[in-house]
Amino acid sequence: MAIDVQSGPGGFAGEVRGADLERAGDFSAIHRAFLDHGVIVMRDCSLTPEAQIAFSRRFGPLMGRRPSTPDKVLMPGLPEIVILSNRKVNGETVGITDAGRYWHSDLCFEEKPNMATILHAVEVPPEGGDTLFADLQQAYETLPDTLKSRIDGKRAAHTFRKHYLEVMAAGSPRPPLTQEQFEALALNYHPIARTHPETGRKTLFVNPGHTTEIEGMDEAESQDVLDALFEHCLQPEFIYRHQWKAGDTVIWDNRRVMHNAEPYDMDRYTRHMHRSCIHGDKPY
Ligand code: SIN
């Protein structure tokens, strides 16, 4: 069967059909679709954790343990897989129960943020739990000139601490970080408009979850510019909504998109996902 990509509006988000994640010869077509569309969806994948790790490694080295991820949510024996889940075993949750319920880009607060995320759905709720993706390449390309000139050459600060403290204060059931992990969470500055190292296109690299301030601006101006950027990025024409089915594997390019996982009824339904993350470069 030939590999075929059905693209979403504006070329953002594509469904790749006829490719097999475990067939080495299919990788270049999958990688091309990933660069062209920012988010790619593959349906009906029966992907074991070992096969997910082997496939993920074709993109590059995996992120492995991070200070922002409690050890308890790593798959036993396979720490390259983070479990996102509300499943309980012996009364204990096995994964991050409320991961990603806000607009963010994975691990953008690291010096070398995550390049790609691969999320495989093992069990999904019949309603709720969709993931939204915003295309920050189209957002940059359509930014009004007045706003573009305000961010020209500027960097913004990114941190995980703010979000972590907020969710824990709100009573998150996720396992807490150790004091050592919390202290190891760094603050990093990245260009607000970054150049995608593989496509050469410019994208915005800010998100409401982790971007806290713009370097060299006072607090009020910084917030004003960030709010204007977020409002621009979150226009419906830049957004793809993924409604999960069990067996879906979705791969997204964190250099081009931010995402947001919607809640679902955790008392009635189970959502169990396997996530692997690929190392990226220092943004420029
Ligand atoms: C994440 O932010 O990595 C979680 C996304 C999701 O569970 O849909």
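Reader: What is the strand order in the open sheet of 3 strands, and how do the strands pair?

Author: The order is S15-S9-S17, and the pairing is antiparallel; strands here are DSSP runs of E with at least two residues, helices are runs of H or I with at least four, and both are numbered from the N terminus. Two strands count as paired if DSSP finds at least two bridges between them. This is a predicted model, in which local features need pLDDT of at least 70 and side-chain atom pairs count only at pLDDT 80 or more, while totals for chains, interfaces and linings use all residues. Residues are numbered from 1 along each chain as its sequence is written, and side-chain values use heavy atoms, with hydrogens and water left out.

Reader: Which strands stand at the edges there?

Author: Strand S15 (239–242) and strand S17 (257–261) do, and each has a single partner strand, so one side of each is left without a neighbour in the sheet. From one strand to the next the twist averages 20°, where axes are lines fitted to C-alpha atoms (for helices over the stretch in contact) and angles run from 0 to 180 degrees between N-to-C directions.

Reader: How many bridges join S9 to S17?

Author: Strand S9, residues 131–135, is joined to S17 by 5 bridges, the two running antiparallel, and Asp135 stands opposite Val257 in S17.

Reader: Staying with S17, is Met258 buried or exposed?

Author: Met258, which is found in strand S17, is buried, with a relative accessible area of 0%; buried means under 20%, exposed over 50% and partly exposed in between, using a 1.4 Å probe and protein chains only.

Reader: And what is Met258 in contact with?

Author: Leaving aside neighbours within four places in sequence, the contacts of Met258 (heavy atoms within 4.5 Å) include Trp103, His104, Leu132, Phe133, Val206, Pro208 and Cys233. Met258 and Trp103 are 155 residues apart in sequence, yet their C-alpha atoms are 6.2 Å apart in space.

Reader: Changing topic, what surrounds the ligand?

Author: The surrounding residues, each having a heavy atom within 4 Å of the molecule, are Leu84, Gly100, His104, Asp106, Leu119, Thr131, His259, Ala261, Arg271 and Arg275.

Reader: Which side chains have an N or O atom at 2.6 Å or 2.8 Å from a ligand oxygen?

Author: An N or O atom in the side chain of Thr131 is 2.6 Å from an oxygen atom of the ligand, and one in the side chain of Arg271 is 2.8 Å from a ligand oxygen. For Arg275 the corresponding distance, again from a side-chain N or O atom to an oxygen atom of the ligand, is 2.9 Å. Taken alone the ligand exposes 260 Å², and the protein buries 99% of that, with accessible areas coming from the Shrake-Rupley method with a 1.4 Å probe and, for residues, only the protein chains shown counting as cover.

Reader: What about the open sheet of 8 strands, what order does it have?

Author: The order is S1-S2-S3-S16-S8-S18-S5-S4, with mixed pairing. Strand S1 (4–7) and S4 stand at the edges with a single partner strand each, so one side of each is left without a neighbour in the sheet. H1 packs on the sheet, touching S1, strand S2 (14–17), strand S3 (39–42), S8 and S16, and the direction of H1 makes about 135° with that of S3.

Reader: Where does H2 lie?

Author: H2 lies across S4, S5, S8, S16 and S18, running at about 110° to S5. The buried residues of helix H2 (residues 49–57) are Pro49, Ala51, Gln52, Ile53, Phe55 and Ser56, and what covers them includes helix H1 (27–37) as well as strand S8 (116–123) and strand S18 (272–278).

Reader: How do S5 and S18 pair?

Author: S5 and S18 pair in the antiparallel sense over 4 bridges, and the bridge partner of Ile83 in S18 is His274.

Reader: And how many residues lie between S1 and S2 in their hairpin?

Author: There are 6 residues between S1 and S2, and Gly10 in the turn has a positive phi of about 70°. S1 and S2 pair in the antiparallel sense over 4 bridges, with Gln6 standing opposite Glu15 in S2.

Terms used:
Polar contact = N/O pair within 3.5 Å; in protein donor to acceptor, adjacent residues only side chain to side chain.
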